[in-house]
Every structure is written in C-alpha cells, then in structure tokens.
Amino acid sequence: MKPGIHPDYHEITIVMTDGTEYKTRSCAGKAGDTLRLDVDTKSHPAWTGVQRMMDTGGQVAKFNKRFAGIGTRSKG
C-alpha cells in the first residue's frame, strides 16, 4: 500500500434503533465515535414486512375542495 493515501481505519460504536450497541471498524468519523442509526433492519419495512398506513384521505378531500371548479364549463 502507498503511504499517506488511505483513510484511517478505526473502531466505532454502532447504536441500533432499539438501543442495541456493537463495535465495528470503519473509516467514518474518528476513533471512538458513536453512529446512531435512524433506520435499520429491525425497524425498516423492507425487512420487517410491516408498513405504516399513510392517512391520505384528508389530503385528497382538501385537494378536491380546492380544485372542485376547475374543468367545469359555465353557461354564459
């Protein structure tokens, strides 16, 4: 390896969404840093199969109310 061109490879702590911690080696941050995950395999729908339902009914009703008159012909 050429000296001086490679990033520092050091140990950091990973904190999962449920609070589980483990140590790994990484080039991210500095030695001893903590990386807190917002999404991981324990919370992401791609791995859990559980999806949150989005409440779009209110948004659709608001849209229909706002644009109800567009596209209708008026007799004149």
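Mentor: Let us begin with pairing: two strands pair if DSSP finds at least two bridges between them. Helices (H or I, at least four residues) and strands (E, at least two) are themselves DSSP runs, numbered from the N terminus. In this predicted model, Thr13 stands opposite Lys23 in β2, and Ile12 stands opposite Thr24 in β2.

Trainee: Which limits apply to the model and its numbering?

Mentor: The model is predicted, so local features need pLDDT of at least 70 and side-chain atom pairs count only at pLDDT 80 or more, whereas totals for chains, interfaces and linings use all residues. Residues are numbered from 1 along each chain as its sequence is written, and side-chain values use heavy atoms, with hydrogens and water left out.

Trainee: What elements does the protein have, and in what order do they run?

Mentor: The protein has two helices and three strands. From the N terminus on, they run β-β-β-α-α.

Trainee: What makes β1 and β2 a pair?

Mentor: Six bridges join β1 to β2, and the rule asks for at least two; the two strands therefore pair, and they run antiparallel. They form a hairpin with five residues between them, and Gly19 in the turn has a positive phi of about 95 degrees.

Trainee: How do you know that β1 and β3 pair as well, and in which sense?

Mentor: Three bridges link β1 and β3, in the parallel sense. In β3, Thr34 is the bridge partner of Thr13.

Trainee: Why is the pairing of the sheet called mixed?

Mentor: The three strands form an open sheet in the order β2-β1-β3, with mixed pairing: β1 and β2 run antiparallel, while β1 and β3 are parallel. The edge strands are β2 and β3, each pairing on one side only. From one strand to the next, the twist averages 35 degrees.

Trainee: What makes strand β1 largely enclosed?

Mentor: Buried means under 20% relative accessible area, exposed over 50%, and partly exposed in between (1.4 Å probe, protein chains only). Five of the six residues of β1 (residues 10-15) are buried, so the strand is largely enclosed by the rest of the structure. In the protein, buried residues make up 11% of the 76 residues.

Trainee: Is Asp40 buried or exposed?

Mentor: Asp40, in the loop between β3 and α1 (45-48), has a relative accessibility of 5% and therefore counts as buried. Its side chain reaches the backbone nitrogen of Thr17 at 3.0 Å. A polar contact is a pair of N or O atoms within 3.5 Å; within protein, one must be able to donate a hydrogen and the other to accept it, and residues adjacent in sequence count only if both atoms are side-chain atoms. Not counting residues up to four places away in sequence, Asp40 touches Met16, Thr17 and Trp47, where contact means heavy atoms within 4.5 Å.

Trainee: Why is Gly32 called exposed?

Mentor: Gly32 has a relative accessible area of 57%, so it lies over the 50% limit and is exposed. Gly32 is placed in the loop between β2 (21-26) and β3 (34-36).

Trainee: Why is the pair of Phe63 and Phe67 called tilted?

Mentor: Rings of Phe, Tyr and Trp (its six-membered ring) pair if their centres lie within 6.5 Å; planes under 30 degrees apart count as stacked, over 60 as edge-to-face and the rest as tilted. The count comes to one aromatic pair. The ring centres of Phe63 and Phe67 are 4.9 Å apart and their planes are at 45 degrees, so the pair is tilted. Phe67 is partly exposed, with a relative accessible area of 34%.

Conventions: Axes fitted to C-alpha atoms, helices over the stretch in contact; angles between N-to-C directions.
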